[in-house]
Amino acid sequence: MRILIAPDSFGDTMSAVVAAQAIARGWSAARPEDELVVAPQSDGGPGFVDVLASRFGTVITESVSGPLGAGVTARWLLDEPSTAYIECAQACGLHQLGGTPTPRTAMTADTRGVGELVAAALARGAGRIVVGLGGSATTDGGRGLLEALGGGDRARERLRGVELVAASDVANPLVGPLGAAAVFGPQKGADPDTVTLLEGRLADWSRVLGELAGRDIAHEPGAGAAGGLGAALLALGGTRVSGAGVVAEVTGLAVEVAGADVVVTGEGKFDTQTLQGKVVSALHSAASSVGARGAGAATIVLAGQVALRPDEIAAAGVAAAHAIVDIAGSVEVAMGDAENQLVALAESVASGLGDAHR
């Protein structure tokens, strides 16, 4: 059989590239006769650049401001002649905090480094800049990015004639009960009082962004992505697209799905958020848009944890979902030895396919 291996990252434990390689090793051990196509994916969050760089482009390394001001090393991708792919988590990701997020870091972390990456891309002559959003430690509404580009008016001038794209599968608005502070602030260390402070700060900042954009963008879908960085990109003339869709398109996912008998994907936690436009959804959409062979491919999910009911899994077009934690025996082992445990899980799942799938 032809097996397409196309996972997302597994949180902080494994990049999509490492996860794909682990699945391939395990699958090959059980079914060496199968043809494996390894195509790691991303929804725009951590791993966005690495996934794309595994297929094309030139990786460029920059020293930029981290979320708390200290310098960090960030990588972005230049696809000649003039398209830049930037991953916001490279500059302001949670992993760049150097420790556990706290209310203090939730208040102070900013997106200046992302603005510095955009400036670097402009200096290289980029005419199209795609910014992957996700995994940020920030809730500054993109204020740091604008400041790094010289302020709102100066930033718009520098980006004149440049196609700016916000790649994210988060549809949350900037403010409100589904906004950046309320939904994502607690994941970034914010306690209830800090969430309230962040919400007020974003509400004030939304008026500045509204003046810059010439419209109210606070409630536009995706404005709340990456702590409101999405709102700043929209205010600068950017358009929002699906991050998973961007990766699927440039990596030819639909073509790969069309030729597959089985699609194996995965991520850290297979839950309701997975079904809201992320990698698994992109794979299912790709399968639905291709010919008979691809449309009939069974989709199998390998995840760190599975938090969906069987009926929800079936409704998502997934044939089966398996958790690393089940084969590892505990969450601690699943996370501490994630790569080896994923190899073992893939081998077990492949072995279980049996002769009926040969």
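Author: Helices (H or I, at least four residues) and strands (E, at least two) are DSSP runs, numbered from the N terminus. By that count Thr139 is found in the loop between β6 (128–132) and α6 (143–148). The model is predicted: local features need pLDDT of at least 70, side-chain atom pairs count only at pLDDT 80 or more, and totals for chains, interfaces and linings use all residues. Residues are numbered from 1 along each chain as its sequence is written, and side-chain values use heavy atoms, with hydrogens and water left out.

Reader: Why is Thr139 called buried?

Author: Buried means under 20% relative accessible area, exposed over 50%, and partly exposed in between (1.4 Å probe, protein chains only). Thr139 has a relative accessible area of 0%, so it counts as buried.

Reader: Which residues does Thr139 touch, not counting those up to four places away in sequence?

Author: Contact means heavy atoms within 4.5 Å. On that basis Thr139 touches Ala106, Ala109, Ala180, Ala181, Lys188, Leu198, Arg201, Leu202 and Gly227.

Reader: What makes Phe48 and Tyr85 an aromatic pair, and of what kind?

Author: Rings of Phe, Tyr and Trp (its six-membered ring) pair if their centres lie within 6.5 Å; planes under 30 degrees apart count as stacked, over 60 as edge-to-face and the rest as tilted. The centres of Phe48 and Tyr85 are 6.3 Å apart and the planes stand at 65°, which puts the pair in the edge-to-face class. Phe48 lies in helix α2 (residues 48–53) and Tyr85 in strand β5 (residues 83–87), so the pair ties together parts that are 37 residues apart in sequence.

Reader: Are Phe48 and Tyr85 buried or exposed?

Author: Phe48 has a relative accessible area of 0% and is buried. Tyr85, at 3%, counts as buried too. The structure holds 2 aromatic pairs, and ring pairs link Phe48, Phe56 and Tyr85 into a cluster.

Reader: How many helices and strands does the protein have, and how do you know how compact it is?

Author: There are 18 helices and 11 strands. The radius of gyration is taken over C-alpha atoms, and the globule rule is 2.2 Å times the number of residues to the power 0.38. For 358 residues the rule gives 21 Å and the protein has 20 Å, which is close, so it is as compact as a globular protein of that length. Of the 358 residues, 54% count as buried.

Reader: What share of the contacts joins residues 24 or more positions apart?

Author: Such residues account for 74% of the contacts with a separation of 6 or more.
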